[in-house]
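Subject: Handover of a structure

Dear colleague,

Please find below the structure that I am handing over to you. I would be grateful if you read the notes after it with the model open.

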Amino acid sequence: HIPVNLADYTPPVFQVETVELEFDLHPAATLVRSRLRLHRHAAGQLHLNGRKLKLREILLDGEPLGDNLYSLDPSGLTVFEVPDEFTLETLVEINPAENTELSGLYMSGSGFFTQCEPEGFRKITFFPDRPDVMARYRVRMSADAKRFPVLLSNGNKLAEGEEYGRHWAEWEDPHPKPSYLFALVAADLVAVKDEFTTRSGRHVDLGIWVERGDETRCGHAMASLKRAMLWDEDTFGLEYDLDVFNIAAVSDFNAGAMENKGLNIFNTAYVLASSATATDTDFQNVERVIAHEYFHNWTGDRVTCRDWFQLSLKEGLTVFRDQEYMADQFSAAVKRIADVRLLRATQFRDDAGPLAHPVRPASYLEINNFYTTTIYEKGAEVVRMYRTLMGREAFRHGMEIYIRDNDNSAATVEDFFNAMQAAVPEHNIWQIMRWYEQAGTPEVTAEETYDPASRSFTLTLRQTTKPTPGQDEKHPFLMPVAIGLLDAEGRDLLSETLLFHKAEQSFVFADIDQPAAVSLFRGFSAPIKLKGQSRERLAFLAAKDTDLFNRWDALQQYATAVLLEAVAAHQDGQVFRLDDGLLEAIAATLREAPRDPAFTAEALLLPAESLLADEMGVVDPDAIHAVREATRAALGEALRDRLNSTYWEYGKVDPADHSGPAMGARALKNATLAYLAASGDASRAWEQFNNTGNMTDRLAALTQLADLPGEKRDTALTSFYETWRNTPLVLDKWFSVQARANAADTLERVQALTRHEAFELRNPNRVRSLIGAFSANQAKFHNASGAGYRLLGDMVLRLDETNPQIAARLVSGLSSWRRFDTARQDLMRAELERILAREGLSSNTYEMASKALG
Ligand code: HT7
Ligand code: ZN
């Protein structure tokens with residue numbers, strides 16, 4: 001297990017101008033011939049990466065190479081003496097049918113698919129498999145015409161033909177690209193086709209390729225793609241640059257989707273959607289991921305990354321772009337709330353534990369372990385801070401400079417910074433770079449003083465960041481602080497953005513009446529934790545803030561304080577009592593529902609159990625669960641009439657309508673359904689489950705029924721299974737609804753589900769839907785017996801043999817062990833040690849388990 005360090009970066013020894021690939025596709029023995037035109041770029045030996053390749057031929061400038069002129073080892077091929085310019089030809093054999101890692105060329109469903117990011121291309125052929133080697137590709141493939149009738153690759157199709165039952169196609173991509181963007185599909189798929197004309201008049205053929213029968217569920221993906229193409233032209237002036245844009249969907253896929261140039265490959269979960277099979281969240285996820293991968297065409301493909309340490313350069317920026325796109329399609333405030341909810345639940349959590357790393361890490365063992373919420377979501381927050389600091393116009397100008405100066409090249413985080421700095425030459429923004437270098441979530445406190453004589457108001461902000469692994473000392477961050485000073489009615493006396501860049505900094509506002517309240521970090525203007533707000537202040541902001549995000553956040557923080565107090569009381573043996581202030585705040589939220597139903601649905605949701613855990617010295621998962629459930633039940637009881645009327649009022653939405661208002665109404669209706677069920681009234685859920693054809697409503701009802709052991713639960717789960725047993729994405733929901741359930745028997749049921757005939761370890765979606773969902777069910781996963789930990793450990797060890805990427809990701813469920821009581825600590829640590837003791841453990845799982853252990 002040898003670490004790769006950012007500090008050791010050296011430019012490639014050879015650059016590749018052109019790549020010609022020929023695939024003779026057979027499931028168990030595919031031949032790959034590669035012809036590379038190389039030229040020297042720096043001093044050194046020629047080393048090409050290669051893994052699990054059987055070398056059949058090697059030729060240099062057309063002449064076979066003698067055995068003594070090259071060497072092979074598990075990492076690749078070294079050729080001892082080469083001229084400064086030459087052609088290297090290799091023929092290798094690979095086995096796609098045995099490739100269960102799902103990286104490189106593998107078989108899934110009806111055919112062959114590739115996944116090359118980050119280091120899968122080296123499993124296809126010998127190549128300098130690093131993103132700063134950009135070349136032009138020409139690809140020829142041949143396959144059985146009946147079994148694999150569709151042959152796709154990057155760029156444009158040049159020619160095709162058929163002879164003796166095998167057919168072939170030739171594709172060429174005119175744009176230079178790194179090997180991680182190479183793609184090939186040979187499968188029995190059908191296309192949904194459409195077209196798009198770019199602003200400058202380029203005609204683009206669009207195709208979404210899916211298994212026969214799934215074409216009826218592609219309409220939303222296609223509409224989303226066209227909206228995203230238009231949005232990027234309008235917002236950033238970025239047009240598509242090829243004549244073809246294809247998306248192929250595959251059901252065995254390690255991640256969500258992949259932005260291969262001109263041929264995106266997608267997990268079916270982010271393509272297929274119909275109101276009968278997909279929830280509103282699924283619809284939104286399809287739109288988001290389609291947009292995200294499309295946006296990569298410029299931020300990732302045309303401008304790529306110099307090395308994998310720069311991963312956030314493309315991912316953080318592209319997440320920011322997809323967040324902005326989604327905010328423009330629906331409600332910006334609700335989108336921001338959902339994004340911050342995710343950031344806090346995942347990234348803040350990682351930042352506070354042994355897996356914390358900066359947005360640009362300094363070292364890794366296995367790059368696949370670094371596709372994290374820190375790289376993606378925190379990276380997007382950093383881009384957002386640039387925009388807040390610079391203003392929208394200057395930011396767009398900075399983006400233009402960035403694309404212009406780095407087009408067709410492999411860039412760094414510094415290149416992005418330089419472009420942004422060039423757009424605001426009057427300001428020095430260097431300190432923003434600390435967000436890329438320092439891990440950890442800053443904690444900010446505020447102090448306020450008012451001097452009536454001079455009518456001046458002083459706000460003093462202080463920031464500190466706790467040490468993270470390998471970084472004991474932290475320097476202050478530069479952060480934009482969007483603030484509002486409010487009068488007693490909640491009107492803004494003043495609203496502006498402060499630049500906070502010291503450990504302690506005071507801001508004085510002159511000629512101002514004493515504000516009734518200060519609203520800080522509006523719209524979550526920096527990824528920090530704001531501490532020390534009084535409950536009175538939070539209650540005021542929850543009721544009155546003009547900034548919708550902060551209004552939501554104030555209620556969340558208020559509820560967090562109340563629930564934590566109740567947890568302490570519960571631990572003390574006291575009887576539960578519902579807090580009057582929380583009851584009033586939730587009642588007021590419900591009363592205001594007509595103003596914005598989608599926002600109300602968000603505001604009604606109490607802080608997650610995991611967020612409450614993050615605030616405790618020693619996490620008590622049972623007490624947290626008991627108190628949160630008691631609170632939901634008490635609120636459901638106390639507000640029953642209002643909840644019932646809200647349920648009926650928002651219940652009449654057209655099930656096929658997926659517009660923002662329709663989704664908002666359904667979200668609100670189902671939030672009330674959850675409160676009613678929590679208070680013991682499951683009749684509504686039962687009725688809804690049996691009388692709807694809309695998956696959002698059906699699943700919301702099933703979620704409630706799954707919490708309550710008994711006949712209704714069993715009947716509902718059986719009927720759902722019988723209806724959807726042949727629709728994998730819906731069957732995933734059946735697994736995850738049971739894994740997330742609050743029922744007392746969840747652990748035993750999940751144990752049984754791991755032996756269910758429909759549970760497949762080979763399919764990452766299925767693994768995530770059962771094991772991933774269960775490990776996020778805090779109260780059940782952390783069962784005091786340790787059986788939840790053992791279940792996870794067993795799965796990690798089994799998966800590590802077939803798919804280390806997925807195995808390693810599951811390990812993070814055990815990384816928070818230090819936060820629990822000593823009995824749980826011992827059990828969790830023992831699981832990590834059991835994993836690490838396995839002989840032949842992959843470096844993926846080794847890195848995660850050893851870092852988690854600390
Ligand atoms: N750039 C991609 C990241 C990715 C990936 C995709 C599929 C399978 C394995 C993968 N490893 C990394 C997806 C994206 O962020 O857009
Ligand atoms: Zn991405």
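Predicted model: local features only at pLDDT ≥ 70, side-chain atom pairs only at ≥ 80, totals over all residues.

Residues are numbered from 1 along each chain as its sequence is written, and chains are lettered from A and ligands numbered from 1 in the order in which they are written.

Overall form. The protein contains 27 helices and 31 strands; helices (H or I, at least four residues) and strands (E, at least two) are DSSP runs, numbered from the N terminus. Its radius of gyration, taken over C-alpha atoms, is 28 Å, close to the 29 Å that the globule rule (2.2 Å times the number of residues to the power 0.38) gives for 854 residues, so the protein is as compact as a globular protein of that length. The C-alpha trace spans about 85 × 70 × 60 Å along its principal axes. Of the 854 residues, 50% count as buried, meaning that 20 or more other C-beta atoms, placed from the backbone, lie within 10 Å of the residue's own.

One sheet. An open sheet with mixed pairing is formed by 8 strands in the order β6-β5-β9-β3-β2-β12-β15-β14; two strands pair if DSSP finds at least two bridges between them. At its edges are β6 (63-64) and β14 (156-163), each of which pairs on one side only. Strands β3 (residues 30-40) and β9 (residues 85-94) run antiparallel and are joined by 10 bridges. Arg37 has Thr87 in β9 as its bridge partner.

Annotated regions. An unreviewed UniProt entry gives "domain: Aminopeptidase N-like N-terminal" for residues 99-181, and this stretch is 0% helix and 55% strand. The entry also gives "domain: Peptidase M1 alanyl aminopeptidase C-terminal" for residues 536-853, where the chain is 70% helix and 0% strand. UniProt annotations may be inferred rather than shown by experiment.

Ligand site. Which residues surround ligand 1? Among them are Gln115, Glu117, His292, Glu293, His296, Glu315 and Tyr371; a residue is near a molecule if its C-beta atom, placed from the backbone, lies within 6 Å of it. Both β20 (257-258) and α2 (280-295) supply at least two residues of this shell.

Yours sincerely

How values were computed:
Buried ≥ 20, exposed ≤ 12 C-beta atoms within 10 Å, placed from the backbone.
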